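This briefing covers strand pairing, helix packing and salt bridges. The sequence and the structure come first.

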Amino acid sequence: RRFLASKEQFHAYLRARGEPGGQAGGEEEDVEEKEEDVGSCQSEPPAKRVRSEDLGQDGEGREDAGAEEKEPTERKRARGQNKSRPCMKPNHYEQSRLCPSVTQGCAEKCYFGARCRFLHDVGEYMATKPADLGRSCVLFETFGKCIYGVTCRFAQAHLGDGYQNIVNTDLAKQWEGKSLVRNNLSKDLQHQLRKRKFSFRKAEEYLQGLAKPHGDGRKGGKATGCSTEEQGESNCTTPQEGQGDSPECPVLPEQGEDPKPDALESPGLPGGEEASSTKTVGPVTDEDIVKLRSCEKKKLEIQGKLYLAPLTTCGNLPFRRICKCFGADVTCGEMAVCTNLLQGQSSEWALLKRHHTEDIFGVQLEGAFPDTMTKCAELLNQTIEVDFVDINVGCPIDLVYKKGGGCALMTRSNKFEQIVRGMNLVLDVPLTVKIRTGVQEKINVAHKIIPKIREWGASMVTLHGRSREQRYTRSADWDYIAECAKIASPMPLFGNGDILSYEDANRAMQMGVSGIMIARQVCVGALIKPWLFTEIKEQRHWDISSSERFDILKDFTSYGLEHWGSDTQGVEKTRKFLLEWLSFLCRYIPVGLLEHLPQKINERPPYYMGRDYLETLMASQNVDDWIKISELLLGPVPTSFTFLPKHKANSYR
């Protein structure tokens, strides 16, 4: 209790200690004035404000009718995403940008020609370039060369006379020819996708099998019970065109073309070659004709391992590297929308990138229809390196649900079956599925769907112990997860929900699941405690100090600059994702301050004074304090910088 503080005491302490060294600065006064403005959308979460107002000093809620009437209004305002939040574009960071051709040392051959709007005079650029942020460049120290040259915000570490970029030859040779990040989108592949020249031979054969009408002439009927993948290709029913439940289907341009009947012929025949936009070269092999049986596919041996869940926005490559350092065994990329991948969008393909330290890595796809999902699976099977592909049938957000994806697939069993069978047919790696208990809060349907998923060919199922209506509120139903684990056998089932400590993980494993997935559950999980993987493996509570936590942020910053770049645009992108992570990380309560261990999953962190200034600063729910932490790592923010976290975090209630 000696660490507890009121809101006024908490902010007064931060205001009196402007920096970790104890010196108060003039800027901090302005920052704290904003903190006092409770009504500001950037001060502290509305959910916390309401909760602190409704609680008395003894911690019990007031029973007056006014508070009860106010509660639903504030709760509705606190849920979902901040969709209208400000977006800082690259031209906001620096007004005058240097042409990429100059940075890469080929100024005489500008990619844009006479239309180029960038600067070509290095001296003119350096006159307006913002000041460097430090004397050491992580790219130069790690790889012996910084590809950003004079545009690097740490350029003084590797610039010589005449703004020449210095190269550490010995260190650069050690990394020569090594691929640190895989699954990049090449310009050639992007061109093929945009011009609709990529061959989807297997997917088109499967989809044309679905298009065959039934004997009764009906369209959109349920798929017949196929026992094998081969039967699923011919017995399942029509694609999305004839479905009454798919008015909002995003049809790709290539789907509008009339299918060629020759595509149904053997791939070894000339007609089969004409159906594909890419002609084969050389003799036909068994792999061209004979399909892989399910028993011949690579097995996904991850039972008992710790699985880092796909985390939208925050589950980026630098964050996954942090979790790998703390003991995560299996990692998965952020949820990618299949239609965006098929269109060759660079931003969507960036979600598939894999660092060389991720030894067991998968990607997660979201889609609502068998044509786009099957084609996307075949595309990824041919172009990237992954150990498994996961289907997201657990996303609860309205944007996905209303289009028939995410949790909505649990109510569209016909489409769900066609997607799983089709993707399993075209993939050479295992297919997994992530689901929830159901859509409605008190109606569980997962136990009915899991046996079907096993029959359709999936290698593993992950079950989140909440329904769509629950989102991330309430506690996960681990008794129901245990029941489903028995039904799923012999197919592995991973449990997901409310894993905050090694004790929670032990109880979960005793439920009979094959493993556990660690995510963002309520206000904890991997985003709040990335060292949770270490705690589980070492079976201990780690009273991590504020300096150790700050070192984690330093590592994230280094990984971010390595991944997104050390120029102004890369620095600000790293800052953006750092701030997003801090919006979750600030909810952690240090073990040494807790009266009872472990911290409960639905506990609301109160205002408390840390054991030092930095620990208190990291506990602040104020956006300005998150920005202050980012400035300790990445230097001052640009002029007129604003930030609002993506998630309003109503689950924080």
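Strands S8 (residues 460-464) and S9 (residues 493-496) pair in the parallel sense over 4 bridges in this predicted model. Leucine 463 has glycine 495 in S9 as its bridge partner.

**Sheet**
- The open sheet is built from 8 strands in parallel pairing, ordered S2-S10-S9-S8-S7-S6-S5-S3.
- At the edges are strand S2 (306-308) and strand S3 (331-337), each of which pairs on one side only.
- From one strand to the next, the twist averages 25°.

**Helices across the sheet**
- Helix H22 (residues 478-488) lies across S8, S9 and strand S10 (515-518), and runs at about 170° to S9.
- Helix H18 (residues 370-383) lies across strands S5 (361-366) and S6 (388-393), at about 155° to S5.

**Salt bridges between separate elements**
- The model has 18 salt bridges.
- One of them joins aspartate 359 to lysine 324, with the closest N and O atoms 2.7 Å apart.
- Aspartate 359 is in the loop between strand S4 (354-355) and S5, while lysine 324 is in helix H15 (residues 317-325), 35 residues apart.
- Lysine 324 is buried, at a relative accessible area of 17%.
- Aspartate 387 and arginine 354 form another salt bridge, at 2.9 Å between the closest N and O atoms.
- Because aspartate 387 lies in the loop between H18 and S6 and arginine 354 in strand S4, this pair ties together parts 33 residues apart in sequence.
- Aspartate 387 and arginine 354 are both buried.

- Glutamate 417 and arginine 421 meet in a salt bridge of 2.9 Å, N to O.
- These two residues are 4 residues apart in helix H20 (residues 413-426), so about one helical turn separates them.
- Glutamate 417 is buried at 7% relative accessible area, and arginine 421 is buried at 3%.
- A network of salt bridges links Glu417, Arg421 and Glu455.

Notes
Residues are numbered from 1 along each chain as its sequence is written. This is a predicted model: local features need pLDDT of at least 70, side-chain atom pairs count only at pLDDT 80 or more; totals for chains, interfaces and linings use all residues. Side-chain values use heavy atoms; hydrogens and water are left out. Two strands pair if DSSP finds at least two bridges between them. Axes are lines fitted to C-alpha atoms, for helices over the stretch in contact, and angles run from 0 to 180 degrees between N-to-C directions. Contact means heavy atoms within 4.5 Å. A salt bridge is a side-chain nitrogen of Lys or Arg within 4 Å of a carboxyl oxygen of Asp or Glu. Buried means under 20% relative accessible area, exposed over 50%, partly exposed in between (1.4 Å probe, protein chains only).
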